[in-house]
Amino acid sequence: MKLRFPMAAPQTATPPPSSASAPRAQLIHIEVDRRLGHEWDEWNGRPLPGGGDFSAAPGVFFRFAALTIATATGVAALLLYLIGPRLSTLSALVPRILWLVLALFAALEWLYLSVLAASFYSGRNLLPERVLERGPYLQLMNYTSLVARGFGKRDWVEHAAIDIYNTLAERRGRRVGKGELLVLIPRCLSKQALDGVLEIAGRYEVPVFVATRGQLARRVIRERRPRAVVAVACERDMMTGLRDVAGKLPVLGLTMQLPNGPCRDASIDLGQMERWVQGLVAGAPPREHTKR
Ligand code: SF4
């Protein structure tokens with residue numbers, strides 16, 4: 001961001017200002033070379049690690065998800081240990097019941113994580129989508145992201161989480177009509193990426209919307225009522241988008257690379273986008289995939 005300050009007007013003692021020459025507020029021109037999404041508010045202006053490519057193996061997410069469950073259980077157990085003596089003054093049964101509920105809850109969480117990992121690695125979704133990728137998984141992704149932030153691994157863990165989500169969602173083999181699919185893109189795509197998206201969307205006759213903010217994206221979805229969405233965003237924006245939308249509507253989320261820092265000149269895997277659009281649009285003839 002460049003700030004440009006105009007020269008200050010010289011100060012004079014006389015004569016008193018007439019209405020025509022009354023002092024006017026100085027205008028400070030602010031030239032922005034990018035507008036950051038609020039997810040990137042704390043960006044320090046330095047190049048992003050890995051040239052803005054946060055690709056990570058799925059195992060990274062599973063490790064952090066296990067840490068998240070262990071941390072949540074540990075915090076709840078500590079709390080119960082501390083307030084247990086007070087609760088037992090009400091009835092000796094109260095702390096016992098709470099310990100039992102906590103143990104049951106922890107067992108369910110570990111079981112869920114195990115089934116999730118088994119589904120992902122076995123190549124077969126073991127639970128319905130409403131219980132798997134479009135169910136509690138969306139919450140698990142977000143809590144895991146919170147824990148990953150404490151270790152400075154947020155973007156990589158989010159990338160892995162989104163990859164797992166997409167793999168599970170793609171396996172459902174969903175098909176929709178051309179008019180029922182919506183492609184949502186952010187404002188930060190490079191010209192090359194934007195041209196590529198428009199070309200793919202034109203070829204499969206799918207509408208494309210530029211969603212400048214999450215709120216707008218949700219409005220477009222409300223108004224257009226698509227039956228499926230292919231959304232493009234950085235990992236940070238995609239996490240909130242999936243959390244808000246994927247529970248209600250099938251979404252595939254394509255993450256980007258940010259070689260010039262956040263919110264500008266983002267590139268995407270156009271081949272992946274074409275495979276998804278083609279796979280979702282029922283009856284679309286197979287095409288040669290666009291190169292990135
Ligand atoms: S999607 Fe683009 S514009 Fe939106 S927060 Fe991410 S990098 Fe910035």
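Student: Is Asn260 buried, exposed or partly exposed?

Tutor: Asn260 counts as partly exposed, because it has 18 C-beta neighbours inside 10 Å (20 or more would be buried, 12 or fewer exposed, with C-beta atoms placed from the backbone). This is a predicted model, in which local features need pLDDT of at least 70 and side-chain atom pairs count only at pLDDT 80 or more, while totals for chains, interfaces and linings use all residues. Residues are numbered from 1 along each chain as its sequence is written.

Student: Switching to the ligand, how many residues surround it?

Tutor: There are 13 residues around the ligand, and the closest are Gly37, Pro186, Cys188, Cys234 and Cys263 (near means a C-beta atom within 6 Å).

Student: Which residues of helix α7 are buried?

Tutor: In α7, which spans residues 235–245, the buried residues are Glu235, Asp237, Met238, Met239, Gly241, Leu242 and Val245.

Student: What do those buried residues of α7 pack against?

Tutor: They pack against the helices α3 (136–150), α4 (154–170) and α6 (214–224), and also against the strands β5 (228–232) and β6 (contact means C-beta atoms within 7 Å).

Student: Take α4 and α7, then: at what angle do their axes cross?

Tutor: The axes of α4 and α7 cross at roughly 50° and come within 9 Å (lines fitted to C-alpha atoms over the stretch in contact, with angles from 0 to 180 degrees between N-to-C directions). That angle makes α4 oblique to α7 (under 35 degrees is roughly parallel, over 145 roughly antiparallel, 65 to 115 roughly perpendicular, the rest oblique).

Student: Which residues make the contact?

Tutor: From α4 come Asp155, Glu158, His159, Ile162 and Tyr165, and from α7 come Glu235, Arg236, Met238, Met239 and Leu242.

Student: What about α5 and α8, how do they pack?

Tutor: Helix α5 (residues 191–203) and helix α8 (residues 270–280) pack at an angle of about 20°, their axes lying 10 Å apart, and therefore α5 is roughly parallel to α8.

Student: Which residues meet there?

Tutor: On the α5 side Gly196, Val197 and Ile200 take part, and they meet Leu270, Met273, Glu274 and Val277 in α8.

Methods. Helix = DSSP H or I, 4+ residues; strand = E, 2+ residues; numbered from the N terminus. Contact = placed C-beta atoms within 7 Å.
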